[in-house]
Structure formats: C-alpha cells, structure tokens
Amino acid sequence: MSKRVLITGATSGIGKSLAELYAGRGHSVYACGRNQEKLNELAQHGGIEALQFDQLNTSEVKSVLANLDPIDIAILNAGDCEYIDDALNFDADLFKRVIDINLTSVGSLLQQILPQLNRETDTAQLVLVGSSASMVPFTRAQAYGASKAGIAYLADSLYIDLQPHNIDVSLVLPGFIKTPLTDKNDFSMPFLMTSDEAAERIYQGIEKRQRHIAFPKRLIWSLRVAKCLPAKWWRKIMLNSDQN
Ligand SMILES: NC(=O)c1ccc[n+]([C@@H]2O[C@H](COP(=O)([O-])OP(=O)(O)OC[C@H]3O[C@@H](n4cnc5c(N)ncnc54)[C@H](OP(=O)(O)O)[C@@H]3O)[C@@H](O)[C@H]2O)c1
C-alpha cells in the first residue's frame, strides 16, 4: 500500500537516499531541506514533493508544514555534526549550534507534524534519527553525542506516550555512513556504509516497526561491549585513539 512519507534532511546523504528509495517503491514523499537547487533536482523524481525551510526558523517550519496531506510516516533525519576540539576552552556557540539543529528544532517539527499524522487507517509512524555515537562517550563528541543522547531519550519517551494515540515511534542508530557529514571526519570510521545501504536498513526497520533500528550490527555489538568496560579503561582507549 502506498504511504505518504515526510523526510527531513532529504537534500543530502541518508535523507536523500531514503527519499529516492521510498519514491522508487511507489510511496509519496515530502522531501524537506534548505537547499533549493537540490530540492528541485529531487522533485524531478515522480512521487517527490519538495518542501523548503530552515528548521531552525520556527515561523518557516510552521508556515511550510501547515495543512499537508495526512502523513503516514515522518522521518526526522536532518542534522549536523561539529566537534569540540578543546574541551578546556569550551565553545558554547558550537555547543548551542549542534544542540539547536539536532535536538531543539525537532521540537518545532513535532509540534507541527504530530497533529498531521494519519491515525485513521493504520498506526502512523514517527521515526527519529539519532546516532550510535550516543551509546558510549566519544572524544570531542560532547555536543554531537549530547544532542543524539537527547534524541534517544526523546524517542524512547515518545514511544510510551504516543502508542495510545495510534503512533509507533522508532529510533534510528546508524554507525558510520559515508555522507558529506562524515566526509569531514579526520579519523578512521570502522564498518563505513553507503547512504543507500543505510536507507535500505532504515526502510526495513520501519516496515517491521522496530523500536530501535541500529546498524551495522558489528559496530553496535562492539559499542555494547565497550559500554560494559570500566570508565577508566574506556577513557584510556579514547585518549590513545585520539593520539593516533
Ligand atoms: N553519516 C553518518 O555517519 C551518521 C551516523 C549517525 C547518525 N547520522 C545522522 O543522520 C542524519 C543525516 O546525516 P547525513 O550524514 O545524511 O548528513 P548530511 O549528508 O550532511 O545531510 C544533512 C541534512 O540535514 C539538512 N539540514 C541541516 N541543517 C538544516 C537546517 N537548519 N534546516 C533544514 N535542514 C537542515 C541538510 O539540508 P540542506 O543541505 O538542504 O541544508 C541535509 O539534507 C543526521 O541527523 C546525522 O546526525 C549520520
């Protein structure tokens, strides 16, 4: 059955692959982003309608997302990553930028989108994209990790409160995916996947209504083991990895 899927951050990386995958499988897609040129390219695909707004701008979010057709699946994926290179001279502006885009702006999206989820015919789905980075503390990731830990909590708590309203909530925890976001990384990224592979995993997880869609499994299991290590050991590993 064809569904209407809203995807934020659809102009690049994981979101773009998801938009193309859903449209390619016969679903109607609302593709959201800021970059008008990339949105125009996306809208060339049959089944994709582009919605342009900066999700940090609440009035734009409100006006562009008003009165959409009922949405079956909302995938809140847009985000950014910046690292704190010098924890001692903490960069509060950077911290705010990352928390604003990855976490705070999701609040405006939820306010606008939740009332427009289609709860008539089937259980609607809300999907939040977090990160496996929030599973353990990584060096320099204070801002990004905190924002994604916030998303994880938000998703798990919404999972409880939205179920009685016929809305399923899933949290996506990707490992390293090759996108413009990770192209900036200056460290090795184990088990790196393409955004098309990631989109397929996310699609399958959404189909199965998984509460947590975490991949690749080898990385997720390594992080689960790392989480059990004494904090002092993990700190040593992180500090050594940063010097290599
Ligand atoms: N890549 C990874 O390894 C990885 C791993 C774990 C989690 N994630 C998460 O997956 C999500 C997608 O990441 P990605 O790697 O695909 O990144 P990406 O290629 O850099 O794409 C980011 C998307 O977010 C949109 N965006 C950024 N700021 C925005 C704003 N203020 N308003 C509206 N849209 C905005 C961008 O739109 P415009 O270009 O139009 O501005 C773009 O479409 C993020 O939440 C990221 O944290 C990624």
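**View 1. Aspartate 54 reaches a nitrogen atom of the ligand with a polar side-chain atom, 2.9 Å away.** Welcome to this predicted model, in which local features need pLDDT of at least 70, side-chain atom pairs count only at pLDDT 80 or more, and totals for chains, interfaces and linings use all residues. Residues are numbered from 1 along each chain as its sequence is written, and side-chain values use heavy atoms, leaving out hydrogens and water. The protein covers 93% of the 900 Å² of accessible area that the ligand has on its own (areas by the Shrake-Rupley method with a 1.4 Å probe).

View 2. Helices (H or I, at least four residues) and strands (E, at least two) are DSSP runs, numbered from the N terminus.

**View 3. Arginine 4 and aspartate 69 form a salt bridge through their side chains (3.8 Å, N to O).** Arginine 4 sits in strand E1 (residues 4-7) and aspartate 69 in the loop between helix H3 (58-64) and strand E4 (73-76), so the pair ties together parts that are 65 residues apart in sequence. Side chains of opposite charge can pair when their charged atoms come close. The structure holds eleven salt bridges (a side-chain nitrogen of Lys or Arg within 4 Å of a carboxyl oxygen of Asp or Glu).

**View 4. A patch of positive charge on the surface gathers Arg201, Lys217, Arg218, Arg224 and Lys227.** Patches are made of residues with over 30% relative accessible area and no salt bridge, with like charges joined within 9 Å. Helix H8 (residues 217-228) gives the most, with four residues; lysine 217 is found in this helix.

**View 5. Phenylalanine 215 and proline 216 are joined by a cis peptide bond, with omega about -10°.** Proline 216 belongs to the loop between strand E9 (212-215) and H8.

**View 6. Arginine 140 has a positive phi of about 65°, although it is not a glycine.** You can find arginine 140 in the loop between strand E5 (124-129) and H5.

Notes
Patches are made of residues with over 30% relative accessible area and no salt bridge: like charges are joined within 9 Å, nonpolar side chains (Val, Leu, Ile, Met, Phe, Trp, Tyr) within 5 Å. Lys and Arg count as positive and Asp and Glu as negative; His and the chain ends are not counted. The place of a charge is taken as NZ of Lys, CZ of Arg, CG of Asp or CD of Glu. A polar contact is a pair of N or O atoms within 3.5 Å; within protein, one must be able to donate a hydrogen and the other to accept it, and residues adjacent in sequence count only if both atoms are side-chain atoms.
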